[in-house]
Amino acid sequence: MIIELKNIEKINLSAFQTDLITWFKQEQRDLPWRKDQDPYKVWVSEIMLQQTRVDTVIPYFNRFIEWFPTIEDLAVAEEEKVLKAWEGLGYYSRVRNLQSAVKEVYEKYNGKVPNNPNEISGLKGVGPYTAGAILSIAYGIPEPAVDGNVMRVLSRVLSIWDDIAKPSTRKIFEKAVRELISHEDPSSFNQALMELGALICTPTSPSCLLCPVRDHCQAFEEGVQQELPIKTKKTKTRDVQLAAAILFDKEGKVLIHKRPATGLLANLWELPNVELHHPLQNDREQVVELFEHSHKIKVKFEKIIGQLQHVFSHLVWNINVYTGTFLSDFQESDEWKFVSLEEMKQFAFPVSSQKMLKLYLDHKRE
């Protein structure tokens, strides 16, 4: 596939690199994963930063590195503890893939993150962006690390009108970075592009007057910076109606359920719930029947304590939350446990169940 970059010859390469890197070294945010260039820490931070804001990631990163300071610590850790460290970040397949890849690094590469593009790209969950970020930031290898920030910046600087929502478009931006990147300081160059997109060249209302590479930006020169990048909208999310229950046994312990080992929120614990396929199933008696049919649980619901919504990238859960008690004995197993509210802190729960528990505790205080 031949990729042509029509406007790249208009860039004064040396001046562009100098302006960008000088700005970055003066203005970069003080982020914990920038304190050294440890490839393991760069790797962890890049996985956490996928689909998650920097401010949200910082405390999670600090805790994760405190719990698992080295490749070996993460490789040998129990999955339950790893999921607990990740609890609240979402997209749990990311951390499962991370631990799986870290185990491979520990066993196959003696605990040293590979600095070879083919080897690092072969690790589970390490795509072109993550590989490029680790190679350039940690090892100083001039590889592209193209994320949404980089595509937005370069679509404006180079006036690229290809749709960034299409996977094939990434190749255009990877080629652009290969031609633009500083071979003297690829680490600062790639981080500077990301930082510029995060702080200055934002999706809406970019701060062009503060931009260190404004003089190189063809979109600014043409006055079309607000129109770029081109990005088609995602398909609509699917709405799902759920009924969930905080169920107490005679000792006041709460029933929790471990989700299957594959699929959405795999291996996380949750408060038991059922999907309502018809609006009429909001009726309490029908929900009771669904619990008995789906989970073999005979319960008595006391009341709905509230409703909440949890949004994933592809679907939305609308949840009615009940409290209730058991009408018959329920046998614990590997997937079903009774725990006290205090003991619940030891288990990894998705944000949706954390919201339900908070709803219950707030309701109880009223």
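Which residues does Ile230 touch, not counting residues up to four places away in sequence? In this predicted model, the answer is Trp161, Asp162, Asp163, Ile164 and Ala165. Ile230 itself sits in the loop between helix H12 (218-222) and strand E1 (238-248). With a relative accessibility of 30%, Ile230 counts as partly exposed. If you want a sense of distance, take Ser14: Ile230 and Ser14 are 216 residues apart in sequence, and their C-alpha atoms are 28 Å apart in space.

**The chain as a whole**

Let's step back to the overall picture. The chain has 366 residues, and 51% of them count as buried. Its secondary structure comes to 14 helices and seven strands. Laid along its principal axes, the C-alpha trace spans about 75 × 50 × 40 Å. The chain exposes about 18,800 Å², with carbon and sulfur atoms supplying 49% of that area. As for how the sequence folds back on itself, take the contacts between residues at least 6 apart in sequence: 67% of these join residues at least 24 apart.

**Helix H8, wrapped up**

Of its 11 residues, 10 are buried, so H8 is largely enclosed by the rest of the structure. The buried ones are Tyr129, Thr130, Ala131, Gly132, Ala133, Ile134, Leu135, Ser136, Ile137 and Ala138. What does the covering of these buried residues include? Helix H2 (39-49), helix H7 (117-121), H10 and H11 are among the elements that cover them. Just after H8, Gly140 takes a positive phi of about 70°.

**Two helix pairs**

Now for how some helices pack against each other. The axes of helix H3 (residues 54-67) and helix H5 (residues 79-86) come within 9 Å and cross at roughly 155°. An angle over 145 degrees counts as roughly antiparallel, and that makes H3 roughly antiparallel to H5. On the H3 side, the contact is made by Tyr60, Arg63, Phe64 and Trp67, and on the H5 side by Lys81, Val82, Lys84, Ala85 and Trp86. Sorted by class, this contact has six nonpolar, no polar and three charged residues.

H9 and H11 meet at another angle: their axes come within 8 Å and cross at roughly 85°. Angles of 65 to 115 degrees count as roughly perpendicular, and H9 and H11 are therefore roughly perpendicular to each other. H9 brings Asn149, Val150, Arg152, Val153 and Leu154 to the contact, while H11 brings Leu193, Met194, Leu196, Gly197 and Ala198. These residues divide into seven nonpolar, two polar and one charged.

**Salt bridges**

How many salt bridges does the structure hold? There are 16. Here are some of them, with the distance from nitrogen to oxygen.

| Residue with N | Residue with O | N to O distance |
|---|---|---|
| Lys25 | Asp185 | 3.2 Å |
| Arg178 | Glu143 | 3.2 Å |
| Lys345 | Glu342 | 3.2 Å |

Start with Asp185 and Lys25, whose side chains meet in a salt bridge. This pair links distant parts of the chain, 160 residues apart: Asp185 is in the loop between helix H10 (170-180) and helix H11 (186-199), and Lys25 is in helix H1 (residues 13-27). Lys25 counts as exposed, at 52% relative accessibility.

The side chains of Arg178 and Glu143 form another salt bridge. Is each partner buried or exposed, or something in between? Arg178 is partly exposed, at 45% relative accessibility, whereas Glu143 is buried, at 18%.

Then there are Lys345 and Glu342, which also meet through their side chains. Lys345 is exposed at 55% relative accessibility, and Glu342 is exposed too, with a relative accessible area of 53%.

Conventions:
Residues numbered from 1 in each chain as written. Predicted model: local features only at pLDDT ≥ 70, side-chain atom pairs only at ≥ 80, totals over all residues. Heavy atoms only, no water. Axes fitted to C-alpha atoms, helices over the stretch in contact; angles between N-to-C directions. Helix = DSSP H or I, 4+ residues; strand = E, 2+ residues; numbered from the N terminus. Parallel < 35°, antiparallel > 145°, perpendicular 65-115°, else oblique. Contact = heavy atoms within 4.5 Å. Nonpolar A, V, L, I, M, F, W, Y, C, P; charged D, E, K, R; others polar. Buried < 20%, exposed > 50% of the residue type's maximum accessible area, 1.4 Å probe, protein only. Areas by Shrake-Rupley, 256 points an atom, 1.4 Å probe, with all protein chains shown as cover. Salt bridge = Lys/Arg side-chain N within 4 Å of Asp/Glu carboxyl O.
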